[in-house]
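Biologist: Let us go through the labels used for this model. I want the value and the cut-off behind each one.

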Amino acid sequence: MEKLQNFIDGKYCAPANGNYIDNYEPASGMVYCQIPNSDAEDVELAVKAAERAFPIWSKMSIDERSAILVKLSQGIEARMDEFVKAESRDNGKPLSLAAHVDIPRAVSNFHFFATAILHYASESHNMEGVGVNYTLRKPLGIVGCISPWNLPLYLFSWKIAPALAAGNCVIAKPSEVTPYTAYLLGKVAQEAGLPDGVLNILHGEGGAAGDAIVKHPKIKAISFTGGTKTGEYIARTAAPMFKKLSLELGGKNPNIIFADCDWKEMMSTTLRSSFANQGQICLCGSRIFVERSIYDKFKEEFVQKVASTVVAHPDDPTAKLGAVVSKMHLEKVLSYVELAKEEGGTVLTGGERVVLDAPYENGYYLRPTVIEGLAYDCRTNQEEIFGPVVTITPFDSEEEVLMMANSTQYGLSATLWTSNLQRAHRMANEIDAGIVWINAWLVRDLRTPFGGVKASGVGREGGWEALRFFTEPKNVFVKY
Ligand code: NAD
């Protein structure tokens, strides 16, 4: 069986403790490779390599750094097919999704920050007759990047690319559930000519390798995307060490549909925003609020379309949904369907496993699920399920839907469907979210701030925000 390796100091190597853990293929439920179960010893080796590399990388001209990162982006593009297949196999997502979203977006993340750094400028503040201040923006040194399993390479690159572009050396850990494309990234980094030790990729469990990254005194900042509970733990651990923290956490996003929306566009986008990637995108709209005058019409058409959505093996070109990421996650999502029933909800469609023909009968497939009849403040409507499950709830007024939308501990994103311009702006202004889409979903401009409020996180990724996070400002005053 294939054994993946860590990537430290520009070379692939086994974990110091020699321990490995199994990696499952969600489409079949079978183990298909093993990954290092790294610990503090591997983190120490990576930090030593990064310390040696930092003077080289941080003092390299911006043009040279940019050229290497452009090559890295092109290297992923050149291996598109290999990355797409690996991502789909590791995560269970349809091949078509990895081909159209995950891997192309990882390519553009590297390309964006490789070129953004060419245009990044720091400020100067003139004091008339007194002197001038200028602000240097220096790389932090060694930084830690920890990412989740839902959009593996895409979210990994969203952190690594700005960290490297800003001149830092990186110790990165992908999710132990989806390690494969991060493993492949080491080869691309070698081919692109990234100096040894600039990017170190460690595999293993959060409680061991991840924890050792968070606790290492020489790692100056942690950029983390994952669950809110893990984010809380990381904040508690890293804050007394005065590390910079960027935390992108969970969500329970509202999708608010007014009667005056563009029906066709709303319907097709709502199907995607509910179930893309098996509902495992932090930005999915899992709470659908529908104005009462169109509630029955919406329910009928939506449920009929969801019921006929194809759940199939990720390689099947007709698959709209593949497998969810793990057995544990499948069980968690199903337990929420049971909870919804206990809370008085009615399952309108779905709510059960899909069993494919052999040899995929043990794969983690779930039918997309729509539930109605729940109170806005019940657990099903308040807690993150992170699977192909949505609830639908009618509303009568803007005030009422705002109250329900803002009632959770989360505040990542929101979608609004209306043709009333004033209402769109009014609602966007009032809603508790870091990202609001009006008559759209998942449209991405890499220059915009990305992140959430409340329990959805602290800090922003994207554009200059990311480059600011990965640099330290130093003000210098010169007297006239
Ligand atoms: P998770 O928190 O379990 O794990 C995320 C990463 O953290 C993994 O690499 C894991 O190994 C590591 N980790 C776990 N415990 C750790 C510890 N004690 N110290 C250091 N690292 C540790 O999350 P997950 O299940 O992989 O991902 C799903 C979650 O991610 C959902 O809550 C989802 O909303 C969230 N998410 C948020 C965003 C966003 O941008 N806000 C994007 C994608 C996913």
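Modeller: Thr 471 is placed in strand β23, residues 471-479. Strands are DSSP runs of E with at least two residues, and helices are runs of H or I with at least four, both numbered from the N terminus. This is a predicted model, where local features need pLDDT of at least 70, side-chain atom pairs count only at pLDDT 80 or more, and totals for chains, interfaces and linings use all residues. Residues are numbered from 1 along each chain as its sequence is written, and side-chain values use heavy atoms, with hydrogens and water left out.

Biologist: Why does Thr 471 count as buried?

Modeller: Buried means under 20% relative accessible area, exposed over 50%, and partly exposed in between, with a 1.4 Å probe and protein chains only. Thr 471 has 3% relative accessibility, so the residue counts as buried.

Biologist: What is Thr 471 in contact with, leaving aside neighbours within four places in sequence?

Modeller: Contact means heavy atoms within 4.5 Å. The partners of Thr 471 are Tyr 120, Arg 137, Lys 138, Pro 139, Leu 140, Ala 166 and Lys 244.

Biologist: What makes Ala 466 buried?

Modeller: Its relative accessible area is 4%, so Ala 466 is buried. Ala 466 sits in helix α15, residues 463-469. Ser 246 is 220 residues away from Ala 466 in sequence, yet the C-alpha to C-alpha distance is 9.2 Å.

Biologist: And why is Thr 349 called buried?

Modeller: The value for Thr 349 is 10% relative accessible area, so the label is buried. Thr 349 belongs to strand β15, residues 346-349. Not counting residues up to four places away in sequence, Thr 349 touches Val 303, Val 306, Ala 307, Pro 368, Thr 369 and Val 370.

Biologist: Now the helices. Why are α3 and α6 described as roughly antiparallel?

Modeller: Axes are lines fitted to C-alpha atoms, for helices over the stretch in contact, and angles run from 0 to 180 degrees between N-to-C directions. Angles under 35 degrees count as roughly parallel, over 145 as roughly antiparallel, 65 to 115 as roughly perpendicular, and the rest as oblique. The axes of α3 (residues 80-91) and α6 (residues 180-192) cross at roughly 155° and come within 8 Å. Therefore α3 and α6 are roughly antiparallel to each other. Their contact is made by Glu 82, Phe 83, Ala 86, Glu 87 and Asp 90 of α3, with Tyr 180, Thr 181, Leu 184, Leu 185 and Val 188 of α6.
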